[in-house]
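Please walk through this model with the sequence and the coordinates side by side. The paragraphs are meant to be read in order, with each element located before moving on.

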Amino acid sequence: MLLELDDVHKSFRDSETRVPVLQGVSFTLAAGQTLALTGESGSGKSTLLHIASGLEQPDQGRVLLSGTDLTRLNDRARASLRRSEIALVFQQFNLIPSLTVAANIGFQARLAGRADQDHIGRIVTALGLSDQMTKYPEALSGGQQQRVAIARALAAKPKLLLADEPTGNLDEGTAEGVLDQMMHLVAATGAALLIVTHSRLIAGRMDRQLHLSRGRLT
Ligand SMILES: Nc1ncnc2c1ncn2[C@@H]1O[C@H](COP(=O)(O)OP(=O)(O)OP(=O)(O)O)[C@@H](O)[C@H]1O
């Protein structure tokens, strides 16, 4: 199994009390599989993605990536595994302001040791970014920045692609194109895709759908 969450719990401190967000979340995701995660605003979807990526630690439970429990690794080992195996598309695009679009897109692929220029060129063309490559993120629209963040994630050929509302700022046609590229990565490389979405259309294109409600999956 590529990704396995086993009885994951997470709560956050809110002044005096602890607010439970995830209360025993378990699921598996195999290589080449796609999964949509839906749930109301504030239900913990982003928290779940951050835990699945090893960015955040659960209070309890296991997070296995190809059998390795991320929760038992030290920070350095976890960061290293994340760099080489996982790409995360955040709601905030987290582009590096001092780097051009081209450098932003190439950066993660180089870190992962997989800077395949043909692959990157194809993604850039498919996402309609060819004319933006020498610009800096501040000169791009929100939707263009979002596509750069997606291109950066896909460029690294991750084994696990985690995407938090990746088409939120895009019109329907562009969103469709972005989704096509994600599905292409899954088909071409056997990556697994976990996508947080409010869109029924997008959720419907995934192999499976899970809904997060009151800290549990249904
Ligand atoms: N670092 C944090 N510290 C304190 N509380 C947090 C933290 N991160 C998230 N929360 C709380 O945990 C709950 C779940 O947040 P999360 O962002 O995971 O929800 P979400 O389902 O992704 O929401 P949305 O769809 O609005 O993005 C919220 O009540 C939020 O306020």
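The model is predicted, so to speak of local features a pLDDT of at least 70 is needed, side-chain atom pairs count only at pLDDT 80 or more, and totals for chains, interfaces and linings use all residues. Residues are numbered from 1 along each chain as its sequence is written.

The UniProt record, an unreviewed entry, places the feature "domain: ABC transporter" at residues 3-218; UniProt positions are given here in the numbering of this text, feature names are shortened, and annotations may be inferred rather than shown by experiment. Over residues 3-218 the chain is 36% helix and 28% strand, with the end C-alpha atoms 18 Å apart. Helices (H or I, at least four residues) and strands (E, at least two) are DSSP runs, numbered from the N terminus.

Strand β1 (residues 3-14) and strand β2 (residues 17-29) run antiparallel and are joined by ten bridges, and F12 stands opposite V19 in β2. These two strands, β1 and β2, form a hairpin with two residues between them, and S15 in the turn has a positive phi of about 45°. On to the next pair: five bridges join β1 to the antiparallel strand β4 (residues 60-65), and the bridge partner of H9 in β4 is Q60. Two bridges then join β4 to strand β5 (residues 68-69), again in the antiparallel sense, with D69 in β5 as the bridge partner of L64 and T68 in β5 as that of L65. Strands β4 and β5 also form a hairpin with two residues between them, in which S66 of the turn has a positive phi of about 45°.

Another open sheet has six strands in the order β6-β7-β8-β3-β9-β10, and its pairing is mixed. Strands β6 (86-89) and β10 (216-217) stand at the edges with a single partner strand each, so one side of each is left without a neighbour in the sheet. Within this sheet, strand β3 (residues 34-39) and strand β9 (residues 208-213) run parallel and are joined by five bridges; L37 stands opposite L210 in β9, and T38 stands opposite H211 in β9. By contrast, β9 and β10 pair in the antiparallel sense over two bridges, and L212 stands opposite L217 in β10. In the hairpin of β9 and β10, which has two residues between the strands, R214 takes a positive phi near 50°.

Which helix lies across β3, β6, β7, β8 and β9? It is α1, which runs at about 155° to β8 (192-196); axes are lines fitted to C-alpha atoms, for helices over the stretch in contact, and angles run from 0 to 180 degrees between N-to-C directions. Two residues are in contact if their C-beta atoms, placed from the backbone, lie within 7 Å.

Elsewhere, helix α5 (residues 142-155) and helix α6 (residues 172-189) pack at an angle of about 5°, with their axes 11 Å apart. Helices α5 and α6 are therefore roughly parallel to each other, a term for angles under 35 degrees. The contact is made by G143, R147, I150 and L154 of α5 and by T174, V178, Q181 and L185 of α6. By class, the contact of α5 with α6 has four nonpolar, three polar and one charged residues; Ala, Val, Leu, Ile, Met, Phe, Trp, Tyr, Cys and Pro count as nonpolar, Asp, Glu, Lys and Arg as charged, and the others, Gly among them, as polar.

The ligand, finally, is surrounded by F12, V21, G39, S41, G42, S43, G44, K45, S46 and T47, a residue being near a molecule if its C-beta atom, placed from the backbone, lies within 6 Å of it. The largest share of this shell, three residues, comes from helix α1 (residues 45-52). The shell residues divide into two nonpolar, seven polar and one charged.

Terms used: Parallel < 35°, antiparallel > 145°, perpendicular 65-115°, else oblique. Pairing = 2+ DSSP bridges.
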